[in-house]
Amino acid sequence: QDSGFDTSSLLAFRALRVLKSFRAFRPLRIISRSSGIKLVVDSLLSSIPSLANVFMICFLMYLIFAILGVNLFKGAFYACYDDAGNEVEVDRAACKSDDSLNLVVADSNFDNVYRAMVTLFQVSTTEGWIDTMYDGVDAASPGKYPKSDRNMHRSPWAALYFVAFIVVGNFFSINLFVGVIIDQFQQMKEEMEGGPFMTENQRKWKEVQRMLFQQRILEKKTLQFPKSNLAWLQAFRTHFAPIVASRGFEFSIMFIITLNTAVMCMRHATMSNSFAQTLETLNIVFAVIFNLEAAVKLLIFSRLYWKDPWNTFDFMIVVGTDVTLIVIALQSENIRSNLSTMATMLRAFRIGRVLRLIRQAAGLRVLFQTMLNVIPSLGNIASLVFLLFFIYAVLGMSLFGLVEWGEHLNRYANFRRFGDSLLVLLRIATGEDWHELMYDCANNSGGTWLAYIYFLSFMLLVSFVMMNLFIAAVLEGFSETVAEDNLERIRNQHEQFMSMWMEHSKGERWIDIY
C-alpha cells in the first residue's frame, strides 16, 4: 500500500497483460486469404480424429508412467544448502523447517502427477533425460536425502524406469504421430488428385514441370547434330560428335569431377605453402579440362547446347571457375583490396560441379526430381509454420519480455525483441534446452505459470505435428517420383524392344528363328 501498488493491482496488471496477448492471434486471419495455407490447415483439421486417438493413447501411457513415477520418486528430487552454499545432507522436512538452510527442488521432479507429466514430456524429447535419470537413480525414499552409495540397490530399477519410458514415450509414441500423419495424408492423396498440400495452380505448375522434363528426355533421344557450311567444322562435328555423345566420355568427365572434388576436400588449416600451391595447380588443370569440354560441346551442338539445362548450369560453373583463377592471379600481384574475400566465395562456387553427378546416377536423379516436385507443398507448409512462429514470437514478447534473466534465459536467448523471439523459437523447435528456458520463464522474477502452456503447446504443435508434415510431403513426392521414374524406365525398355523387333522382323509380326 505504501508504494501505491497493492496486490490486487498487480493481479489486474497481469490479467491485462494476458488479455493483450490475444492480439497475437490476429495474423490467423491470413489463413482465409492464402489458398496454400488454407489447404494445409484444412488437411490438418480433417486429420484431427486420427490424431485425437493417438493423443489419447499417448496420454494414457504418460499417465501410467506419471503415477508410477510419483510412487517411486515423490519428494526425492531436491537438495539442501546452507547460507555459504555448502550442501547439507538432511531430510526434506528438516531442511524446509530450518531458516538457515535453503531447500532447492529440482525443476524436473515427480512430486505430483502434473509435475510428473511435464517431466515425462521433457524426457520424451530426450532433453535432459540423462540428468533426470541420474536424479532418479540417486533418489532415496520420499523425503529422504538422495545419496547414491546409500541407494545402490534401487539404481537398476530407477534406470530401468526411464529407459522403458524412452522406448514407450519416444521411440513408440512420438513416431506413432509420424505414422498416423503420413497414413492420413496418403488417404487424402487418393481422394485429392495431386496431393493434399497443393492448390490447383500449384498442381498445374507441377504438371508443366513434368511435361517439360519428359519433353527434354524426348529431345535428347531425337537430337541431331546441326549442319555447318564450314567444311572443317562439319568434319570436326562428324568426327567428335559420337565420342562426346558416348557414355564412356560422360563417365570420364564424372571421374574427373570426382577427382576435382577430392582435391577440394584436401584443403586444411595447417597446410604448407607447397601443398597449397600443388592444390592450386591441380585446380588449374581441372579448369582447363572443363573449359575444353565446354568448348568442344559448343562447337558440336552450337545453339542446341543451351537447350539442356545441365549444360547451362555447367557453363556457369566453368565461367565461375575462370573468374576465380583471374581473381587469384590478381591477388598474387598484390592487387588485394577486397579480392581475398571474393576469391574465397568464388572458390566455394566450384563445389556446384558435384551436382552434375545427379545427371548420371538414377538414384540421385530421383531425389533431385523429388525436391522439385515437393516445392509447392513445402512452400505451403513452411508458410503455415512461419505464421505459427510469428504468433508465438509475439506471444512470447508479451508474456516473457519482462522476465528476469537467469542461467538459460539470457542475452542470447530471450523474448525482449521480435528477432530474438524468432531465434529462440527456432532453437526450441530443434529441442535444444527448451525445458530450461521454460523453467526460467516460469520461475524467475516476472515469470508466469503460462510458460508451461506456452512451451508445451509449441513443442507439441510445431515439433511433433508441423515438422512431421514436411516428412509427409517429402515421402509423398518421393513415392510419386519413383513411380514416374519406373514408368519412364518401362517406356524406354518398350521403345528399345520395339526398335529391335522392327529391325529383326523386317516389318512383319513374327521373326524367323531358322
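## The lining of the largest cavity

Three nonpolar, three polar and two charged residues make up the lining of the largest cavity. Here Ala, Val, Leu, Ile, Met, Phe, Trp, Tyr, Cys and Pro count as nonpolar, Asp, Glu, Lys and Arg as charged, and the others, Gly among them, as polar. The lining residues are Asn 260, Asn 283, Phe 286, Ala 287, Phe 290, Thr 321, Arg 350 and Arg 353. Helix α11 (residues 273–301) gives the largest share of this lining, four residues. Helices are DSSP runs of H or I with at least four residues, numbered from the N terminus.

The volume of the largest cavity is about 30 Å³, and the whole structure holds one cavity of 30 Å³ or more. A cavity is a set of points, on a 1 Å grid over the protein atoms alone, where a 1.4 Å probe fits but cannot get out; lining residues have an atom within 4 Å of a point. Points are joined across faces, edges and corners, and the volume is the space filled by probe spheres set on them.

## About the model

This is a predicted model, in which local features need pLDDT of at least 70 and side-chain atom pairs pLDDT 80 or more, while totals for chains, interfaces and linings use all residues. Residues are numbered from 1 along each chain as its sequence is written, and side-chain values use heavy atoms, leaving out hydrogens and water.

## Aromatic pairs

Now to the rings: the whole structure has 28 aromatic pairs. Rings of Phe, Tyr and Trp (its six-membered ring) pair if their centres lie within 6.5 Å, with planes under 30 degrees apart counted as stacked, over 60 as edge-to-face and the rest as tilted. Tyr 114 and Tyr 452 form an edge-to-face pair, 6.1 Å centre to centre with 75° between the planes. Because Tyr 114 lies in helix α5 (residues 113–124) and Tyr 452 in helix α19 (residues 450–505), the pair ties together parts that are 338 residues apart in sequence.

Tyr 114 is partly exposed, at 46% relative accessible area, whereas Tyr 452 is buried at 8%. Buried means under 20% relative accessible area, exposed over 50% and partly exposed in between (1.4 Å probe, protein chains only).

## An enclosed helix

Helix α18 (residues 434–443) is largely enclosed by the rest of the structure, because eight of its 10 residues are buried. Among them are Trp 434, His 435, Tyr 439 and Asp 440.

Note on methods
Helix = DSSP H or I, 4+ residues; strand = E, 2+ residues; numbered from the N terminus. 1 Å grid on protein atoms, 1.4 Å probe; cavity = no way out; pocket = protein on both sides within 12 Å on 5 of 7 lines; lining within 4 Å.
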